[in-house]
Amino acid sequence: MTAVKVLLDVDTGVDDALAILFAVAHPGIELLGVSCVAGNAALPQVVENTLRVLDAAGAPDVPVAGGASRPLINPTRDASHVHGADGLGGIELPATARTTHSVDGRPVGAVEMMRMLLVASPEPVTIVALAPQTNLALLLRTYPEIAPKIERVLFMGGSASIGNATAVAEFNVWHDPEAAAIVLDSGIQTLMYGLDVFNHVAVDQETAAELLTSPSRAVRLAGALIGHRMGVGANHEPVYTGLLGDAGALCALVDPDALRIERRPVYVELSGATRGQTVVDRRVFPGEDSLHGLTAATGLTDVALGVDAPRFVDLYLRTIATLA
């Protein structure tokens, strides 16, 4: 199996951390670098979490850089109410000697690091975006000539049904809808791993508890992350979900046949009560809006609408079991 060259873009909270563990462990992924953006937590915390999780995974010296500290236009709140004030649900990880990427002693930001890694790669790179897409939008606006070096963008975000940040908008897209719109309109091939599949890939409590007894610190960390109880129930009381969350997008990268995918027009709503909604046009025949020239021109996106959840869970658990 030829490894896929991957750049990860993260806002490392609980499920981003699960995804990083998987990306380090899976032999089908060659992790070129990790860019960080504000989202689940403030940017400095996201960067620190990322460095510490890479340590816990026993990762090689992977370049890491901090990027955008806020959305392109409208500031929005982070998701610390879900992931905790530290972004990792209060899970304490040892301090790390890892530092962010630098060249000749000069710190390099996420956009510049992404450009450098893309230019240096002899073949196009897949970007897996598990966060608001601010860094990626800035990359494409600042260096539009870099687009041919991107094989595709697989992003965790959006929904063809309900939202979580609002009734219709998923958090990553809602946090910076303009950025998501720039990426979707870029002409780069995209795959949307949204809430339609995100909410179904979960580990049962008994299995999560077993992970905590592993001799591997990385596996124990995965068990603690999976077991984190998010305040999503009535009155925001802590509830066990067991969701792999963002890590499912990495599973989709290496096992896409476990998904039911439809290629559909997708655009992002940028105003009003539906701001941040990903509108997925699933119609078989043109509607009245098309007949009257009212639809905006938009490219096609591969949209994940169904998933073999047990298959992804098994893939995830087998993969992280290889970590020391």
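A: Buried means under 20% relative accessible area, exposed over 50%, and partly exposed in between, with a 1.4 Å probe and protein chains only. H236, at 61% relative accessibility, therefore counts as exposed. The model is predicted: local features need pLDDT of at least 70 and side-chain atom pairs pLDDT 80 or more, whereas totals for chains, interfaces and linings use all residues. Residues are numbered from 1 along each chain as its sequence is written, and side-chain values use heavy atoms, leaving out hydrogens and water.

Q: Where is H236 placed?

A: Helices (H or I, at least four residues) and strands (E, at least two) are DSSP runs, numbered from the N terminus. H236 belongs to the loop between β9 (229–230) and β10 (239–240). Its C-alpha atom is separated by 9.1 Å from that of H81, 155 residues apart along the chain.

Q: In what order do the strands form the open sheet?

A: Strands of a sheet pair through backbone hydrogen bonds, either parallel or antiparallel. Here two strands pair if DSSP finds at least two bridges between them. The order of the nine strands is β3-β2-β1-β6-β7-β8-β13-β11-β12, with mixed pairing. Because β3 (64–66) and β12 (278–280) each have a single partner strand, they stand at the edges, and one side of each is left without a neighbour in the sheet.

Q: How many bridges join β6 to β7?

A: Five bridges join β6 (residues 125–129) to β7 (residues 150–156), and the two strands run parallel. A129 has F155 of β7 as its bridge partner.

Q: Which residues of helix α2 are buried?

A: An α-helix has 3.6 residues a turn, so residues three or four places apart point the same way. In α2 (residues 43–56), the buried residues are L43, V46, V47, N49, T50, L51, V53, L54 and A56. They pack against β1, α1, β2, β3 and α10 (217–227), where contact means heavy atoms within 4.5 Å. Just after α2, G58 takes a positive phi of about 70 degrees.

Q: Which residues touch the most other members of the largest nonpolar core?

A: A nonpolar core is a set of buried Ala, Val, Leu, Ile, Met, Phe, Trp, Tyr and Cys residues joined through side-chain atoms within 4.5 Å. The largest has 71 residues, and L8, L21, L130, Y193, L225, L250 and Y316 touch the most other members. Helix α1 gives the most to this core, with nine residues. Beyond its neighbours within four places in sequence, L225 is in contact with V14, A17, L18, L21, L88 and I91.

Conventions:
The expected span of a helix is 1.5 Å times one less than its number of residues.
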